[in-house]
Amino acid sequence: MQTPLYKFSPDDYAAVYEPAEDSFLLLDALEDELEAIRALRPLVCLEIGPGSGIIISALAKVLANGALFLGVDINPKACRMTARTREMNECPVDVVNMDLVGGFVPGVVDLLVFNPPYVPTSEEDCPKELEEHIGQFGEGLHDLVKSWAGGCDGMAVTNRVLATLDRILSPEGVFYCLLVKENNPEDVIGRLARDGFEGSVVKERKIRGEHLFVLKIVRNKR
């Protein structure tokens with residue numbers, strides 16, 4: 001999968017997460033999984049927090065199977081950036097300004113992708129309140145911080161998504177999620193197993209001061 005074209009204006013850097021090593025690891029993992037994803041024949045492909053929009057745009061370009069490709073981001077500036085990336089790459093991506101997946105009916109998402117705010121952070125490093133609220137965005141307050149700050153264990157936002165997997169995923173749905181070592185991926189996989197899901201690490205990479213993992217999560221059919 002080729003990295004889609006994207007362009008940041010000077011004002012974007014203060015409010016939208018610029019693609020970095022974690023973004024490109026997730027792209028590489030999805031490329032490795034492309035045969036399995038195509039075999040799934042997903043009808044609804046959703047990326048939570050697309051930021052620059054390169055992940056969902058890459059999927060839309062390479063799958064091109066008439067599916068619905070959606071990016072949902074609580075940050076309106078990230079929504080506009082994703083729309084710009086969509087237009088630059090002429091791919092069929094819709095963008096919605098929304099808090100995670102609360103607006104979706106049950107069992108509709110076949111392919112779910114999330115590069116969450118995963119960095120463990122103290123109250124001194126980030127806003128005290130990490131729960132997301134649309135009204136807090138677009139005011140220049142903590143917009144960029146919330147793209148990476150994950151709370152004391154880096155899982156504050158990710159846990160909200162994990163809690164809704166059973167509701168949001170279709171019966172054959174698959175979820176690709178990026179985590180860092182400090183998020184304890186093996187513990188996450190164990191917790192998912194108790195909730196009826198099977199998780200595995202499909203790709204990992206050590207970069208500057210971080211050990212990143214991409215998890216593939218599906219329903220346990222046994």
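In what order do the seven strands of the open sheet run? The order is β3-β2-β1-β4-β5-β7-β6, and the pairing is mixed. Please keep in mind that this is a predicted model, where local features need pLDDT of at least 70, side-chain atom pairs count only at pLDDT 80 or more, and totals for chains, interfaces and linings use all residues. Residues are numbered from 1 along each chain as its sequence is written, and side-chain values use heavy atoms, with hydrogens and water left out.

**The sheet**
- Strands (E, at least two residues) and helices (H or I, at least four) are DSSP runs numbered from the N terminus, and two strands pair if DSSP finds at least two bridges between them.
- β3 (93-97) and β6 (197-207) are the edge strands, each with a single partner, so one side of each has no neighbour in the sheet.
- From one strand to the next, the twist averages 15°.
- Five bridges join β2 (residues 68-73) to β3 in the parallel sense, and Leu70 sits opposite Asp94 in β3.

**Helices across the sheet**
- Helix α1 (residues 21-32) lies across β4 (109-114), β5 (169-180), β6 and β7 (210-219), at about 130° to β6.
- Helix α7 (residues 185-194) lies across β5, β6 and β7, at about 170° to β6.
- These angles, from 0 to 180 degrees, are taken between N-to-C directions of axes fitted to C-alpha atoms, for helices over the stretch in contact (heavy atoms within 4.5 Å).

**Cysteines**
- The whole structure has zero disulfides (pairs of cysteine sulfur atoms within 2.5 Å).
- Cys45 is buried at 0% relative accessible area, and Cys91 is buried at 7%; buried means under 20%, with a 1.4 Å probe and protein chains only.

Definitions and conventions:
Buried means under 20% relative accessible area, exposed over 50%, partly exposed in between (1.4 Å probe, protein chains only).
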